[in-house]
Amino acid sequence: MIGLLTVGLSDLNLRVLIPYFPVLGWGALRTLEISALAIALSFPLGLVGALMRLSDNRFARSIATVYVETVRNIPLLVVLYILFLVLPLYGIPINALTAGVLGLAINSTAFTIEIFRAGFVAIPPGQYEAARSLGLHRLQILRLAIVPQVFRIVLPTLGNQIVSVVLGSAQASIIGVGELTYETQSIGSSTFRYFEVFTIAALFYIACVQVISLLWRFLTGRAAHAPLGT
Amino acid sequence: MLASGHLTNYLLLLLKGLAITLELSLGSLVLGSLGGIVLGAMRSSGWRALKATALIYIEAVRSIPFVILLFFVFFAVPLALEVDVPPYPAAIAALSVHCSAYMGEVVRSGIESIPKGQWEAAASLGLSYYRIMRHIILPQALRVMIPPTIGVYVSTIKESSLASIIGFVELLGQGMAIREANSLRNTADVLIAVAFGYFVICFSLSQVGRYFEHRTTRDMRLAPEPTRGVIARPLVSGRPETQAAP
């Protein structure tokens, strides 16, 4: 370990990488962009999926359950390969960026469904009964009484999910999406400054994850700590 | 899709790949758990410097995508140290580091789930920190740790698919190799079979995890039963009397 540090540091030359900083910056933006798109797709779908998983309709329930169990137990990389390599065989043209965003969204939706489901399960039955006794119909009960409380419960876990989408987005580099990991690797292979460039990328991801967690906690802190009905 | 037939010729190769995937991730889980026990003990120790070191390590590793970690071990370390790192050691090292951070959290929450009274009782018997940990806390914490450890194993199996990127031939690597080397490039067969392999293993393991989780929560619910039994007894014995009275 000490050998690694001394050899690595004595040879550390960040100046070589200065011309590549804009490329890394664009890569980082792309990382954030595909993560944001995947999250924007998967959070609403996750809510719908959770409602399906908990619905009385057996058909809806089994579709959601099969989806969750299938996607959660298959590596993201396999999902990305299937989208990127197999879909074109069936005449569906797909580029790397679309496949990357879709793959991330498919993966994230499965986990988000489980997050929302846990939130719905945590609402005491009295809340449903009270809302029904006020004469609200099913959609109103969900929209006015239940979902706002579910959000308060799941907000911290949704923050973790955002982080894991950002981390997972690095895998999109493998099918050729030009995000941070992709640019890092191509800079590494053209300059042979793997040590420096991967350190920078790692620091970016660490900073990004920490900022997201802090920001999320700051933005949702008040909602998450508000008292819940019993 | 799978009925097209070529695949049966390669099924044995895929099964071999599956075995290698399991071996790679189990090896990493074992190494990662050793690291995780050290990290977890550091996290729950009273020494602030140890606590902070473990926290920074865990947070940093958990904030770096596994791909970066893997590439770092495979590309950067050999250049920096001027040694040759073949794919297998690189994959197992990166997976173990990744795993240890997650196991560190599992061990920490396991240790924290043991009531403080256990520590105090053990300390009052004059046991040292190491002996309390070794004989009192860890054996009890281990039971709580089983379900999340299986969860870490499942996600390690999934992450291990990335070892195919650095040229290690596990399940996904085997599948991609078969796909490239044969006339299967224009079919979905191999990838579907690979996905199915991962699904079967991960799904079964998750079910095992769920069983253990169920058992732990059931046992915990059973634990306070003596008091409940005492309160319930008069009601139960009272019922036949009221029934017999009329």
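The model is predicted. Chain A is built from nine helices and zero strands. Chain A and chain B bury about 3,300 Å² between them, and one salt bridge is counted between the two chains.

**Chain A as a whole**

- From the N terminus on, the elements of chain A run α-α-α-α-α-α-α-α-α, in keeping with a count of nine helices and zero strands.
- The C-alpha trace of chain A spans about 70 × 45 × 30 Å along its principal axes.
- Chain A has 230 residues, and 45% of them count as buried.
- Taking the contacts in chain A between residues at least 6 apart in sequence, 78% join residues at least 24 apart.

**The contact between chain B and chain A**

- Chain B gives 40 residues to the contact, and chain A gives 36 residues.
- Of the area buried between chain B and chain A, about 3,300 Å², 77% lies on carbon and sulfur atoms.
- B:Ser63, B:Ile68 and B:Lys158 together supply 16% of the area that chain B buries against chain A, which is more than any other three residues supply.
- The salt bridge count between chain B and chain A is one.
- A salt bridge joins the side chains of B:Arg210 and A:Glu69, with an N to O distance of 3.2 Å.
- Five residue pairs are in polar contact across the interface of chain B and chain A, with both residues at pLDDT 80 or more.
- On the side of chain B that touches chain A, the elements that give two or more residues are helix H2 (48-62), helix H3 (66-81), helix H6 (129-159), helix H7 (171-181) and helix H8 (189-222) of chain B.
- H3(B) provides the largest share of that side of chain B, with 10 residues.

**Helix H7 of chain B**

- H7(B) is largely enclosed by the rest of the structure, because eight of its 11 residues are buried.
- The buried residues of H7(B) are B:Leu171, B:Leu172, B:Gly173, B:Gln174, B:Gly175, B:Met176, B:Ile178 and B:Arg179.

**A nonpolar patch on chain A**

- A:Val211, A:Leu215, A:Phe218 and A:Leu219 make a nonpolar surface patch of about 470 Å².
- One of these residues, A:Leu219, is found in helix H9 (residues 194-225) of chain A.
- A:Leu219 counts as exposed because its relative accessibility is 61%, and exposed means over 50%.

**Two serines**

- A:Ser55 sits in the loop between helix H2 (21-53) and helix H3 (58-72) of chain A.
- The relative accessibility of A:Ser55 is 18%, so A:Ser55 counts as buried; the cut-off for buried is under 20%.
- Apart from its neighbours within four places in sequence, A:Ser55 is in contact with A:Ala60 and A:Arg61.
- B:Ser109 belongs to helix H4 (residues 87-112) of chain B.
- B:Ser109 has 39% relative accessibility and therefore counts as partly exposed.
- The side chain of B:Ser109 reaches the backbone oxygen of B:Val106 at 3.1 Å.
- In sequence, B:Ser109 and B:Arg43 are 66 residues apart, while in space they are 9.7 Å apart, C-alpha to C-alpha.

Conventions:
Residues numbered from 1 in each chain as written. Chains lettered and ligands numbered in written order. Heavy atoms only, no water. Patch = residues over 30% accessible without salt bridge, like charges linked within 9 Å, V, L, I, M, F, W, Y side chains within 5 Å. Areas by Shrake-Rupley, 256 points an atom, 1.4 Å probe, with all protein chains shown as cover. Salt bridge = Lys/Arg side-chain N within 4 Å of Asp/Glu carboxyl O. Helix = DSSP H or I, 4+ residues; strand = E, 2+ residues; numbered from the N terminus. Buried < 20%, exposed > 50% of the residue type's maximum accessible area, 1.4 Å probe, protein only. Contact = heavy atoms within 4.5 Å. Buried area = accessible area lost by both parts, 1.4 Å probe. Polar contact = N/O pair within 3.5 Å; in protein donor to acceptor, adjacent residues only side chain to side chain.
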